[in-house]
Amino acid sequence: MLIKCRKCSNPLAAIDDAHVLAVHSRREFAADSLPACPTERDNAEVFLHEDHLPGWMNAEIEQTQWTRGKLKCTKCGQKVGSFDFVSGVRCKCPVGGSVLPAVHLVRSKVDLRKSVG
């Protein structure tokens with residue numbers, strides 16, 4: 001998957017689809033059913049596996065000593081996501097939500113393109 005900044009079209013990452021995470025480790029739902037979790041239904045974020053990030057994201061995370069921070073486009077400075085390895089942010093499920101993956105991009109700030117090949 002190719003991920004670009006929506007504001008300036010700067011390529012941010014080329015990530016294997018297997019490293020784009022679902023909120024509850026489920027990747028797909030039946031076409032006639034909506035996910036029960038509001039976080040999945042909103043579909044506002046793209047969660048990334050922290051072991052397979054591009055170098056610039058790793059550098060941002062290292063700079064904060066694996067705590068929390070914002071991810072900004074390396075070209076225009078637009079905020080495109082964030083990371084939080086401290087709080088253990090939970091999904092919006094009504095009963096006890098799951099801990100979300102630590103690194104995410106905001107869908108409204110990035111363009112996602114499936115890789116061909």
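Phe-83 counts as buried in this predicted model, because its relative accessibility is 3%, where buried means under 20% relative accessible area, exposed over 50% and partly exposed in between, with a 1.4 Å probe and protein chains only. Phe-85 has a relative accessibility of 26% and therefore counts as partly exposed. The model is a prediction in which local features need pLDDT of at least 70 and side-chain atom pairs count only at pLDDT 80 or more, while totals for chains, interfaces and linings use all residues. Residues are numbered from 1 along each chain as its sequence is written, and side-chain values use heavy atoms, with hydrogens and water left out.

A search of the whole structure gives 2 aromatic pairs; rings of Phe, Tyr and Trp (its six-membered ring) pair if their centres lie within 6.5 Å, and planes under 30 degrees apart count as stacked, over 60 as edge-to-face and the rest as tilted. One of these pairs joins Phe-83 to Phe-85, with 6.3 Å from centre to centre and 45 degrees between the planes, a tilted arrangement. Trp-66, Phe-83 and Phe-85 belong to one aromatic cluster.

Asp-84 is part of strand S6, residues 79–84; strands (E, at least two residues) and helices (H or I, at least four) are DSSP runs numbered from the N terminus. With a relative accessible area of 17%, Asp-84 is buried. A polar atom of the Asp-84 side chain lies 2.8 Å from the backbone nitrogen of Val-86, and the side chain of Asp-84 also reaches the backbone nitrogen of Ser-87, at 2.9 Å. A polar contact is a pair of N or O atoms within 3.5 Å; within protein, one must be able to donate a hydrogen and the other to accept it, and residues adjacent in sequence count only if both atoms are side-chain atoms. When neighbours within four places in sequence are left aside, Asp-84 is in contact (heavy atoms within 4.5 Å) with Thr-67, Arg-68, Val-89 and Ala-102.

Strand S6 belongs to an open sheet of 5 strands in the order S3-S4-S7-S6-S5, with antiparallel pairing; two strands pair if DSSP finds at least two bridges between them. Strand S3 (20–21) and strand S5 (68–72) are the edge strands, each pairing on one side only. Helix H2 (residues 55–63) packs on this sheet and touches S4, S5, S6 and strand S7 (103–106), and its direction makes about 150 degrees with that of S5. Axes are lines fitted to C-alpha atoms, for helices over the stretch in contact, and angles run from 0 to 180 degrees between N-to-C directions. S3 and strand S4 (residues 45–48) are antiparallel and share 2 bridges, with Val-20 having Leu-48 in S4 as its bridge partner. S5 and S6 are joined in the antiparallel sense by 5 bridges, and Leu-71 stands opposite Gly-81 in S6. The hairpin of S5 and S6 has 6 residues between the strands, and Gly-77 in the turn has a positive phi of about 85 degrees.

A second open sheet is made of 3 strands in the order S2-S1-S8, with antiparallel pairing. S2 and S8 stand at its edges with a single partner strand each, so one side of each is left without a neighbour in the sheet. The twist averages 20 degrees from one strand to the next. Strand S1 (residues 2–5) is joined to strand S2 (residues 11–14) by 3 bridges, and S1 pairs with S8 over 4 bridges. Lys-4 stands opposite Pro-11 in S2 and opposite Asp-111 in S8. In the hairpin of S1 and S2, with 5 residues between the strands, Ser-9 takes a positive phi near 65 degrees.

Val-110 lies in strand S8 (residues 110–113) and is buried, at 1% relative accessibility. The C-alpha atoms of Val-110 and Leu-12 are separated by 8.8 Å, although these residues are 98 residues apart along the chain.

The largest nonpolar core has 20 residues, and those with the most contacts inside it are Ile-3, Leu-12, Leu-48, Leu-71, Val-80 and Leu-105. A nonpolar core is a set of buried Ala, Val, Leu, Ile, Met, Phe, Trp, Tyr and Cys residues joined through side-chain atoms within 4.5 Å. At least two residues of this core come from each of S1, S2, S4, H2, S6 and S7, and H2 gives the most, with 3 residues. Apart from this core lies another, of 5 residues, among them Val-23, Phe-47, Cys-91 and Leu-100.
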